[in-house]
Amino acid sequence: MQAEDMESSMESPNLEFEYGDSDMLTAELSELYSYTEEPEFALNRDYFEEDFRSHARGRRWTELTVDEQRAYVMRLLDALEVTDRDKRLKVARAILYLAQGVFDECDTEVDVLHWSRHNIFLLYDMGIFTALLELLSMEMDNSQACSSAVRKPAISLADSTELRVLLSIMYLMVETIRVQTEDDRPEWRAARETFKNELGSPLYNGEPFALLLFTMVTKFCSMNAPHFPMKKVLLLLWKTVLFTLGGFEELQRMKVGARERLCLAPLPEDSIKVVRAMRAASPPASAMELIEQQQQQKRGRRSRRPLVKQDSLDTYNERDPFKNDDPRDEEDDPEDTDSGIEGEVDPLDRDVIIQPPPPPPPLRPPTERVNFPKGLPWAPKVREKDIEHFLETSRNKFIGFTLGNDTETLVGLPRPIHESVKTLKQHKYVSVSEVQIKKEEELLQCPLSLGEEEVEETPAEILYVGMLPNLSQYVIALLKLLLAAAPTSKAKTDSINILADVLPEEMPITVLQSMKLGIDVNRHKEIIVKAISALLLLLLKHLKLNHIYQFEIVSQHLVFANCIPLILKFFNQNIMSYISAKNSICVLDFPHCVVHEMPELTAESLEAGDNNQFCWRNLFSCINLLRILNKLTKWKHSRTMMLVVFKSAPILKRALKVKQAMMQLYVLKLLKIQTKYLGRQWRKSNMKTMSAIYQKVRHRLNDDWAYGNDIDARPWDFQAEECALRESIEKFNSRRYDKNKNGDFAPVDNCLQSVLGQRVELPEDFHYSYEMWLEREVFSQPIQWEGLLQNP
């Protein structure tokens with residue numbers, strides 16, 4: 001692995017990757033289908049044409065007027081309600097063909113996408129989605145299919161045909177309507193808003209649509225329905241949550257709006273824009289690279305370059321620390337240059353590449369270069385708690401006593417302390433979460449005087465209320481699937497089978513078929529990781545904005561279900577090879593495969609893969625998982641110590657080899673929070689990483705992250721911290737969502753007759769076992785009558 005890491009590090013170029021809510025529409029649509037499903041495209045077309053021929057009398061679908069198309073869709077809708085299962089499946093396939101864009105009548109991929117969009121808005125307008133939802137509920141409750149799948153030794157595509165067709169239509173509808181284009185008609189824009197509200201509201205069976213999909217996930221993971229096509233379910237669940245709650249840019253707008261409503265200062269910068277403007281840094285050297293370079297130096301192949309003295313990390317404020325110190329390189333692209341850092345350390349531990357200046361790279365047009373501002377990219381932040389801690393320390397030192405949480409009184413403190421407090425207050429940042437926690441404390445202290453809290457029925461609130469009763473099951477199920485799909489996981493007999501919707505009925509017999517299936521299986525797992533990582537991140541971010549304690553309960557369930565070691569295990573691989581994996585066959589991707597002639601596949605063409613520099617979905621998954629890890633550990637001392645205990649530093653350092661600014665930023669954040677616990681030797685050996693943290697990660701003005709003399713460097717009690725947090729969460733949930741929340745304040749009925757006269761709801765079958773209950777609960781229980789008469 002070290003040798004592979006060395007090669008990938010030496011050759012790794014800057015990755016031109018733009019992070020977003022999802023990939024391009026064509027890529028998102030193609031990932032819905034496995035390559036083993038390819039023959040079904042023709043099947044959908046045949047069933048459609050067989051039925052359409054009798055209706056259209058020689059005309060094509062694209063030649064019909066909108067009213068004629070509506071009339072035919074209404075006919076399909078009626079046919080969906082027949083009792084014959086096979087006939088229903090044929091009609092569903094015909095609807096799927098319409099949603100796929102009647103590709104047999106199209107010449108180009110653009111035409112396919114155009115007709116797909118037109119047909120999907122038509123299908124939605126005619127009420128197809130509601131009909132599909134009823135069919136999906138029927139299929140979920142089909143106990144015969146579930147029991148036969150449980151008994152089968154090997155499950156294949158054939159076991160989930162009906163479910164796959166229904167989920168495919170629903171996914172195409174959600175994804176196509178979700179994505180907004182410039183040339184959308186006004187009625188389509190109105191339909192988008194209506195559909196978004198319907199999906200997020202408890203209109204379907206009294207619960208949001210996402211909750212039905214969560215139920216499918218838990219049913220699959222409990223082994224009660226092993227035939228469920230999990231990849232399609234997860235993709236549809238992710239896109240439903242993305243559509244109803246909103247993507248990252250919409251979340252940023254919601255955050256700005258929430259701060260305005262709470263009369264908080266505006267955000268110091270737009271984090272999305274700052275991250276997009278960042279440049280990737282050259283990765284730190286591995287031990288193998290250093291040894292290789294030393295050997296080459298001994299052979300006289302390279303002239304030794306003198307080490308450069310680093311006086312202060314502040315010198316990196318105005319410069320890129322990953323450039324050579326040669327002034328002429330100031331204008332060159334810093335991709336392949338490294339700076340030497342002083343440190344008398346063993347070369348195996350050292351994080352420095354000692355090399356001569358490379359030849360200047362060819363000049364590029366100035367338009368290609370990212371204009372990154374001089375200085376640090378982030379405005380520093382200070383919490384109220386930090387100012388209180390600073391003043392407490394200063395008062396103890398200069399006066400000898402403290403004033404609690406008073407941050408205004410500066411009597412008796414020297415002038416420099418006054419200046420320091422002024423600077424800290426200038427950069428004070430109050431988060432929405434802090435306001436929510438403070439308000440929650442007030443509501444718990446004065447429940448009667450403050451009265452009922454008005455809770456806004458946002459889509460995130462509705463989803464949380466629906467998820468709350470079974471939240472731990474949903475989280476555990478998602479992590480089980482993530483573990484099964486992770487490339488570092490070993491196949492175990494007791495692990496869940498996530499390949500039910502990719503394995504064909506007949507296993508491959510030729511080498512070519514085996515290669516194709518191998519690529520398909522790997523691609524299938526990558527798509528599952530992508531969907532789960534994006535879904536978890538969206539849930540965490542939206543719930544955190546909606547209410548901090550909603551975020552905390554999901555986080556705690558993730559931590560208790562071993563999410564932290566699971567993500568670290570995921571990154572404990574050659575991450576460069578995972579990001580550059582070529583598990584796709586372009587000619588088989590939809591819509592390419594339904595428009596163009598299929599070339600003959602050979603082992604060489606499968607091995608070659610595509611020409612992309614990196615795999616978008618894998619890089620997207622890695623960034624999402626790092627962001628989730630950051631969310632779980634931020635400001636949580638005990639969870640940060642888990643990162644240290646699980647030896648995450650070398651794993652994360654290897655991830656820095658990926659030259660993509662956003663991914664490096666989240667790796668550096670995770671390294672920053674634990675540097676003070678890694679010891680002086682580690683910091684001395686990894687000065688290049690420390691410099692990168694200084695340059696790229698936001699500063700907290702009085703955070704001694706680089707020196708390790710912080711008050712938090714204390715013994716940690718994981719259980720105590722998590723129990724205290726759980727207590728706050730349970731108080732919040734019982735206050736806001738418990739139906740009997742006013743039980744403590746309800747008047748007590750002291751009249752014996754009225755209490756005994758109250759009607760009590762009993763189950764229907766209670767009178768059958770009443771005598772047994774009487775014997776067990778009353779007659780056989782010794783009652784101490786004297787004890788009842790005594791004063792308590």
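Predicted model: local features only at pLDDT ≥ 70, side-chain atom pairs only at ≥ 80, totals over all residues.
Is Phe-398 buried, partly exposed or exposed? Its relative accessibility is 40%, so Phe-398 counts as partly exposed. You'll find Phe-398 in helix H16, which covers residues 384-398.

Let's move on to charges. Side chains of opposite charge can pair when their charged atoms come close. How many salt bridges does the structure hold? There are 40.

The side chain of Arg-736 meets that of Glu-453 in a salt bridge, at 3.1 Å from N to O. Glu-453 sits in the loop between helix H19 (447-450) and helix H20 (459-467), while Arg-736 belongs to helix H34 (residues 718-737), so this pair ties together parts that are 283 residues apart in sequence. Both partners, Glu-453 and Arg-736, are buried.

Arg-736 also forms a salt bridge with Glu-461, and there the closest N and O atoms are 3.1 Å apart. Glu-461 is in helix H20 and Arg-736 in helix H34, so here the parts tied together are 275 residues apart in sequence. Glu-461 is buried, as is Arg-736.

Another pair to look up is Arg-523 with Asp-589, a salt bridge with 3.8 Å from N to O. This one links distant parts of the chain, 66 residues apart: Arg-523 is in helix H22 (residues 511-546), and Asp-589 is in the loop between helix H25 (575-579) and helix H26 (592-595). Arg-523 has 2% relative accessibility, so it counts as buried. Asp-589 is at 17%, and therefore counts as buried as well.

Salt bridges can also join up into a network. One such network links Glu-28, Glu-31, Glu-175, Arg-178, Lys-239, Glu-526, Lys-530 and Arg-617.

Next, a few words on the backbone. Most residues other than glycine have a negative phi, and most peptide bonds are trans. With that in mind, look at the bond from Phe-590 to Pro-591: this peptide bond is cis, with omega near 0 degrees. Pro-591 is in the loop between H25 and H26.

Cys-263 is in the loop between helix H13 (248-261) and helix H14 (271-277), and with 69% relative accessibility it counts as exposed. Trp-635 is not a glycine either, and its phi is positive, near 60 degrees. Look for Trp-635 in the loop between helix H28 (616-633) and helix H29 (637-645). At 47% relative accessibility, Trp-635 counts as partly exposed.

Helix H24 (residues 563-571) packs with H28 at an angle of about 150 degrees, and their axes are 10 Å apart. The crossing of H24 past H28 is left-handed. The residues making the contact include Ile-564, Ile-567 and Leu-568 of H24, and Leu-625, Leu-629 and Leu-632 of H28.

Conventions. Residues numbered from 1 in each chain as written. Heavy atoms only, no water. Salt bridge = Lys/Arg side-chain N within 4 Å of Asp/Glu carboxyl O. Helix = DSSP H or I, 4+ residues; strand = E, 2+ residues; numbered from the N terminus. Buried < 20%, exposed > 50% of the residue type's maximum accessible area, 1.4 Å probe, protein only. Axes fitted to C-alpha atoms, helices over the stretch in contact; angles between N-to-C directions. Left-handed = near helix turned anticlockwise from the far one by under 90°. Contact = heavy atoms within 4.5 Å.
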